[in-house]
Amino acid sequence: MGLFGNRGPPPPDPNEHLGMTWGEMASNTQLRAQLPAMLLLHAVLYRKFASDKTSYFHARPNIMAHYVPFLIAFIWMAFYGAYLWFFDPIMNDPSFDRIWGYHSQSELIVVSMLAIQSYDTPISIIVPDLRAFTFVAHHAVVLSLSILCLDRVRSPPRRYRAFYYYAVYFLGVIELSSPWLAVVDAMRDFPAIADRFPALNEVARVVFALMFYAVRVFGWVPVSIEFWRDALSLLQEDAAMHTMPKWVPVFWLTTHAGLTCLQAWWGFLILRAVYAMVTGDEEHRKNEAKSA
């Protein structure tokens with residue numbers, strides 16, 4: 001049943017879609033369009049900013065060249081994910097299988113995240129200003145989860161594809177905070193912009209903090225509890241695994257626990273930043289670490 005009571009088409013049979021091989025992922029039309037587009041946009045912006053000595057971004061062209069593709073991709077991910085989570089009739093049908101259920105629109109979210117992290121992980125390693133351990137580790141983990149969420153092996157037959165339902169929230173809805181983060185980080189990395197647009201700087205910081213706590217703290221907890229119940233059920237001796245090895249749900253649970261701790265740490269950093277903003281502690285604001 002949909003959010004407004006309208007019933008959508010019956011959920012597809014979970015066993016009709018076992019996943020993609022690595023070759024099928026590499027040849028996926030969406031991935032082959034999105035990843036090169038992000039890399040090309042980064043290269044074009046880098047060249048523009050590096051060659052324009054009057055630009056705000058001339059001294060650090062790679063940083064802004066990274067923010068723009070990131071911003072565009074996550075705006076789409078966030079709003080499309082939110083639409084699916086709150087309004088899609090299949091996603092909101094209680095009969096939809098939260099573990100094995102296939103949803104073609106959810107797959108768009110997963111493939112998009114695969115493209116984003118395939119771009120973001122190496123860029124974060126190559127560019128010194130982006131080479132923070134927590135960020136690189138976060139990107140690498142999300143990249144591995146995106147692959148696992150889609151994956152299957154032909155021989156011997158192994159199915160890894162699962163949790164499309166939760167992918168909509170954890171790869172889509174939570175990114176509602178990310179566009180605001182990009183603005184906050186851009187203002188922090190390029191103080192001249194913050195000085196020119198002080199109101200935007202303050203508004204972006206407040207909205208980011210609110211959205212982070214809405215989707216990555218208060219929204220994260222109930223969805224995570226549901227996810228853990230479903231993932232733990234796969235560890236029962238008589239669980240139907242559909243050729244999925246038992247280590248897969250263990251990996252999902254382990255990485256989810258780590259990502260949850262990371263959200264809590266970032267939430268703490270954001271609270272400190274909010275306190276500094278409210279109390280006018282400019283020194284703290286100058287030295288504050290990047291929050292995710």
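The accessible surface of the protein comes to about 14300 Å², with areas taken from the Shrake-Rupley method with a 1.4 Å probe and, for residues, only the protein chains shown counting as cover. Carbon and sulfur atoms hold 67% of this surface. Of the 292 residues, 50% are buried (buried, under 20% relative accessible area; exposed, over 50%; partly exposed, in between; 1.4 Å probe, protein chains only).

The model is predicted, so local features need pLDDT of at least 70 and side-chain atom pairs count only at pLDDT 80 or more, while totals for chains, interfaces and linings use all residues. Residues are numbered from 1 along each chain as its sequence is written, and side-chain values use heavy atoms, without hydrogens and water.

Confidence was examined next. The mean pLDDT of the protein is 88 (pLDDT is the predictor's confidence in each residue, from 0 to 100). A score of at least 70 is reached by 90% of the residues. Over residues 1–6, the pLDDT is below 50. This stretch still has 13 contacts in the model beyond near neighbours in sequence (contact, heavy atoms within 4.5 Å). Among the elements, helix α10 (residues 220–233) has the highest mean pLDDT, 97. Helix α12 (residues 282–287) has the lowest, 60.

The protein contains 12 helices and 2 strands. Both kinds of element are DSSP runs numbered from the N terminus (helices, H or I, at least four residues; strands, E, at least two). Their order from the N terminus is α-α-α-α-α-β-β-α-α-α-α-α-α-α. Among contacts between residues at least 6 apart in sequence, 76% join residues at least 24 apart.

Two positions illustrate the local packing. A73 lies in helix α3. Its relative accessible area is 10%, so A73 is buried. Neighbours within four places in sequence aside, A73 is in contact with Q34, M38 and I116. The C-alpha atoms of A73 and M113 are 8.8 Å apart, at a sequence separation of 40 residues. I90 is placed in the loop between α3 (61–87) and α4 (104–126). I90 counts as buried because its relative accessibility is 17%. I90 and G101 are 11 residues apart in sequence, and their C-alpha atoms are 10.0 Å apart.

The structure holds 0 disulfides (disulfide, a pair of cysteine sulfur atoms within 2.5 Å). C149 has a relative accessible area of 1% and is therefore buried. C261 is exposed because its relative accessibility is 57%.
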